[in-house]
Amino acid sequence: MSANRQQRELFERMWSDTASLESRNIRIAERKRTPIVKMLSSTPLPTEYGGFTHIVFGDLTNGQFHVMMVYGDARKIKKNERLLLRVHSTCGTSELFHATNCECREELDEAMKRIAKAKSGIVIYMNQEGAGNGITAKIKAYSNTFEWKNGKVVERRKKDGSPVTVYDAYKKLGYPQENRSFAAAAAMLKAFGIRRVRLMTNNPKKVEGLKQYGINVQPYGIHIKPKNKTVKRHLEAKARILGHRIGSKDLK
Ligand SMILES: [Zn+2]
């Protein structure tokens, strides 16, 4: 096989099946005891929330980049304290394009605000779209969730009249509804000697996902008031299908 073809096949796999590529390489790295992330570059960065250290990591299991944003000077990180942490997966539709169907942008914002208030903490921003299924899968799922009607984007409806959730769409397309690994996030924390965190999440799988890789996690809820009915239904689906700790009072 020519080098070009090999490269093309690898890229095709990265685009369509990141998660399986990643889990295979995590297993190999565990067996061979080789690192799964590599620190690539870092800079102090002024933000609306104060000064952070922006650190770029390369993920050796899937070729992606991830970012670790440490409040203040990362060289002075208080690794023995239980640090406030948000492990946040990319949601470009919401964070860059202000899509109105999920709460990701507001959640990231809230995490940054809490960290700034505490004057300490970390955001790990994982290049992990579509619940770990990748951007290709996410956009396919969205095309099963939304459609054009009279020049407007509307939610597609199931036979019973209820809107199709993105989780229904993943299932129909044969993707897992939660397909993220937190091995790389744990490795990024360990690169800084951090082993105890207060994790801002409602997702029990995220808590377990970090614990599995040796991080002592205390969960700390983060609730975003839904800005519209679609987001409310999305949060309800997260609670019902994925077991997120979101109660009815959090949805008002
Ligand atoms: Zn989102």
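Tutor: Happy to. Let's begin with the protein as a whole: among contacts between residues at least 6 apart in sequence, 60% join residues at least 24 apart. Keep in mind that this is a predicted model. The protein has nine helices and nine strands. Its radius of gyration is 19 Å, close to the 18 Å that the globule rule gives for 252 residues, so the protein is as compact as a globular protein of that length. As for burial, 34% of the 252 residues count as buried.

Now for the sheet. This is an open sheet of seven strands, with mixed pairing, and if you read across it the order goes β1-β2-β3-β5-β4-β8-β9. The edges belong to β1 (37-47) and β9 (216-220); each has a single partner strand, so one side of each is left without a neighbour in the sheet. On average, neighbouring strands here are turned by 25° against each other, ignoring direction.

β1 and β2 (residues 50-59) run antiparallel, and ten bridges join them. To pick out one spot, K38 has G58 in β2 as its bridge partner.

Then there are the helices. Helix α8 (residues 204-211) packs on the sheet, where it touches β4, β8 and β9, and its direction makes about 165° with that of β9. Helix α4 (residues 104-118) lies across β2, β3 (65-71), β4 (83-89), β5 (122-126) and β8 (196-200), running at about 165° to β4.

How values were computed. Residues numbered from 1 in each chain as written. Predicted model: local features only at pLDDT ≥ 70, side-chain atom pairs only at ≥ 80, totals over all residues. Pairing = 2+ DSSP bridges. Helix = DSSP H or I, 4+ residues; strand = E, 2+ residues; numbered from the N terminus. Axes fitted to C-alpha atoms, helices over the stretch in contact; angles between N-to-C directions. Contact = placed C-beta atoms within 7 Å. Rg over C-alpha atoms; globule rule 2.2 N^0.38 Å. Buried ≥ 20, exposed ≤ 12 C-beta atoms within 10 Å, placed from the backbone.
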